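Open the model in your viewer and keep the selection tool ready. We will go from stop to stop.

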Amino acid sequence: MAGLYLGIDLGGTFIKFTLIDDALSPKGHLELATPTQQGPDKVIETMASGARQLIQQVGISISELSGVGVASPGPIDSDSGVVISPPNIPGFNNIPLRARLADALGIPAILENDANAAAMGEFLCGAGKDADILIMLTLGTGVGSGIIINGNILRGSHNAGAETGHMIVEPNGEPCPCGQNGCLERYASAAAVAQYARRLIEQEDRQSTLSEILQRAGNLDAADVNRAQIDGDALAKEVWDRAMYFLAIGCVNLARLFDPEVIILGGGMAKAGENLNEPLRHHYNELCWTLTESKTSLVLSALGNKAGVIGAAAIAWKHFGKPRA
Ligand SMILES: [Zn+2]
């Protein structure tokens, strides 16, 4: 019987479900709102009921599944399958999510952090297929990242590796909730872009078409900044370009350390497409050394906002599906 694998991606806003087969082809997809305010039991119940709903939609039974891969925001302990305390899912403190879902569904489960799952998704079926070394940066509220080396996730000696969002790119820079100053994600995340634009408008009284949006909606996001810079707004251009400059510093440092085949840009900000990639490449090329030709490619995610859930399913495929070497 052909194997089928379920991926579940737990996010602060949505829970995503994807079913794939042995050829890593998607067989069905579902998204449900995350009942974050109703506590972990309700969230886990929704994860299990969504899984059953998708299986029913596709017309199979749960016993046909070989396993489920679960992606969760970190920090997690992948060995014990425990979610430790993700900041945007209240009440998830030391929850044995892998065991809870395996029990609820009656199939084997594996837990991975969402950034690693997204990187694995791009490695197995996306923009970095079979790359020797792949680095994925997810530009959202923070800068998440996953590093895949020869098909394996880099975890570090103490499970705290591959946190590229917390590389220091500006000494004495912006304070970061992690306790350091000047972390990449304080400059290059979608949240940082919106925050910086807002600061220039409100505290430095700078003129911008973004002021109207800010007054009307009470808030700004990175997509507003991108749209305004496309329309020629000088402040928006400055804000966007600053983010691309710091992102390029991060990418050059990663290139020097790992010499990756590919650095993949994903997350909400990557929806800007070439508006992200073009200025990023410009700064990257300016900052890069001239010692040898830089062969690392900078590319956009192929799986978009499904990278995490497809990656989770692909991790189940890798773990439960094939005889392991
Ligand atoms: Zn930090």
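Select Cys176 and Cys183 first: both are buried (under 20% relative accessible area, with a 1.4 Å probe and protein chains only). This is a predicted model, where local features need pLDDT of at least 70 and side-chain atom pairs 80 or more, while totals for chains, interfaces and linings use all residues. Residues are numbered from 1 along each chain as its sequence is written, and side-chain values use heavy atoms, without hydrogens and water.

Now show the zinc ion. What coordinates the zinc ion? His166 (ND1), Cys176 (SG), Cys178 (SG) and Cys183 (SG) do, at 2.0 to 2.3 Å. Donors here are N, O and S atoms within 2.8 Å of the metal (3.2 Å for Na, K and Ca). Along the chain, their spacing reads H-x9-C-x1-C-x4-C. The site is tetrahedral, with angles of 104 to 117 degrees among the four donor atoms; the term requires all angles to lie between 85 and 135 degrees.

Next, the sheet. Colour its five strands, in the order E10-E9-E8-E11-E12. Strands are DSSP runs of at least two residues, numbered from the N terminus. Two strands pair if DSSP finds at least two bridges between them. The edge strands, E10 (152-153) and E12 (297-300), each pair on one side only.

Select E9, residues 143-149. Five of its seven residues are buried, so E9 is largely enclosed by the rest of the structure. Seven bridges pair E9 with E8 in the antiparallel sense. A hairpin of three residues joins E8 to E9.

Last, click Ile148: its bridge partner in E10 is Ile153. Ile149 stands opposite Asn152 in E10.

Definitions and conventions:
Helix = DSSP H or I, 4+ residues; strand = E, 2+ residues; numbered from the N terminus. Tetrahedral: all angles 85-135°; square planar, octahedral: opposite > 155°, others 65-115°. Buried < 20%, exposed > 50% of the residue type's maximum accessible area, 1.4 Å probe, protein only.
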